[in-house]
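Please keep the structure in view while reading.

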Amino acid sequence: MPVIYSVETAIPPHRIDQEDASVFAKQLFQESFKDIDRLLTVFQNGEINSRYFVKDLEWFGSAHSFEEKNEEYIKFAVQYGKEAVRKALETIGGGPVEAIFTISTSGIATPSIEARIMNELGLDPHIKRIPIWGLGCAGGASGLARAHEYCRAFPSSTVLVLAVELCSLTFQHGDRSKSNLIGTSLFADGIGCAVLCGDDSPLLQKRDKPLPRVISTRSTLLRDSLDVMGWEVRNEGLYVVFSKSIPNLVETWLRPNVEEFLRKEGVGLADIRQFVAHPGGKKVLDAYEKSLGFPKTMMAPSLAVLQEYGNMSSATILYVMKEMLHAGKEGEHGLAMALGPGFSSELLLLRWEG
């Protein structure tokens, strides 16, 4: 079964403390909400300490057109995506890469981001390009799953999964909705690049510690839930759709889905020792814990990423995976999970092997 060999990240330059973001939000939203101080508790209660943006906080104080924001998206997605890809290639000694899966939902680019990066890095022009758009927070896990399938089909291959999300550039200066206020407290910019390789890849001879093999995957779409999470596309750009029902959906819908998936692989929830979860927010992590019955210690890596980086949409799970790449002992099972628009889930059963 394919192995997640390495994960690298590229960190945007502007670190924004949550307190500074709260002050910014109060200045912007106070005329629209009489109870603004009560609403601003989302900045403190979300357990996010800091986030990273490609632009400084002052830039968000004025309105920008969809065209301008998308131009910034392309520029920075290439800049930091290239950095993450370069780091990932260094971990494999610059060896051949057969395919690049590029995951993003926070901007639009045709030609796609990996084509621009391939030109700038001078990569093999025959690399297969698989850009995936629209999966939101579930995209990183989905990219790992699709790369796993590619490596099963081509066991000697090495592939990259590049997740580039510049969520801050979707900020709507003129939107005074509660959804936009919550999004302002939560979302951030992040870039991650994972290397996966098949069973016959020469890379596997170089590993000196157990690494997670992807044993099986599952994608699930909850019917008639299109209004739970996503974007509304308007003249000014992308407007966040973020339902308050998400934590409740996690608690009621997720466990049966996970248990059925694991049961088909002869594994139970009690067998899971490592939990690589996309931290959509503190309430979502709490809902994971309540629904799946995992101890708080299994939530700690995801919570630590949320506290330091916020929700970086699809890239976030790669940050968690980077921290947990060598966390598992030989033979231990893990579960990787992310939820996204649709409403949907992406699940990966992992097993650490040397």
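## Cavities

A cavity here is a set of grid points where a 1.4 Å probe fits but cannot get out. The model examined is a predicted one. The count of cavities of 30 Å³ or more comes to two.

The largest cavity holds about 70 Å³ of space. Its lining includes Phe 66, Lys 69, Asn 70 and Tyr 73. Ser 106, Gly 107, Leu 169, Thr 170 and Gln 172 also line the largest cavity, as do Glu 236, Gly 237 and Leu 238. Two or more lining residues come from each of α4 and β10. The top contributor is α4, with four residues. By class, four lining residues are nonpolar, six polar and two charged.

The second largest cavity has about 40 Å³ of space. Trp 59, Phe 60, Ser 62, His 64, Lys 69, Phe 171 and His 173 form its lining. Three of these residues are nonpolar, three are polar and one is charged.

## The largest pocket

What is the volume of the largest pocket? The value is about 660 Å³. Its lining has 26 residues, and the closest to the centre are Ile 182, Leu 186, Phe 242, Pro 247 and Lys 283.

Four helices, α3 (41-45), α7 (178-186), α8 (246-264) and α9 (282-292), each give at least two residues to this lining. The most come from α7, with five. The lining of the largest pocket divides into twelve nonpolar, ten polar and four charged residues.

## The second largest pocket

The second largest pocket has a volume of about 500 Å³. It is lined by 34 residues. Closest to its centre are Cys 167, Thr 170, Phe 187, Trp 231 and Val 240. Thr 170 also belongs to the lining of the largest cavity.

Helices α1 (18-29) and α7 each supply two or more lining residues, and so do strands β3 (50-53), β9 (229-234) and β10 (237-242). The largest share is from β10, with four residues. By class, the lining of the second largest pocket has 19 nonpolar, twelve polar and three charged residues.

Helix α5 spans residues 113-121, and its buried residues are Ile 113, Glu 114, Ala 115, Ile 117 and Met 118. They pack against helix α4 (66-91) and against strands β4 (99-104), β5 (128-133) and β6 (158-166).

Helix α6 covers residues 139-153. Its 15 residues should span 21 Å at 1.5 Å a residue, and the end C-alpha atoms are 21 Å apart, so the two values agree. Eleven of the 15 residues are buried, so α6 is mostly covered. Among them are Gly 139, Leu 144, His 148, Tyr 150 and Cys 151.

## Cysteines

How many disulfides does the model have? The count is zero. The sulfur of Cys 137 has that of Cys 167 as its nearest cysteine sulfur, 7.1 Å away.

Are Cys 137 and Cys 167 buried or exposed? Cys 137 is buried, because its relative accessible area is 9% and the cut-off is under 20%. Cys 167 is also buried, at 8% relative accessibility.

Technical notes: Residues are numbered from 1 along each chain as its sequence is written. This is a predicted model: local features need pLDDT of at least 70, side-chain atom pairs count only at pLDDT 80 or more; totals for chains, interfaces and linings use all residues. Side-chain values use heavy atoms; hydrogens and water are left out. A disulfide is a pair of cysteine sulfur atoms within 2.5 Å. Buried means under 20% relative accessible area, exposed over 50%, partly exposed in between (1.4 Å probe, protein chains only). On a 1 Å grid over the protein atoms alone, a cavity is a set of points where a 1.4 Å probe fits but cannot get out, and a pocket is an open set with protein on both sides within 12 Å along at least five of seven lines; lining residues have an atom within 4 Å of a point. Grid points are joined across faces, edges and corners, and a volume is the space filled by probe spheres set on the points. Ala, Val, Leu, Ile, Met, Phe, Trp, Tyr, Cys and Pro count as nonpolar, Asp, Glu, Lys and Arg as charged, and the others, Gly among them, as polar. The expected span of a helix is 1.5 Å times one less than its number of residues. Contact means heavy atoms within 4.5 Å.
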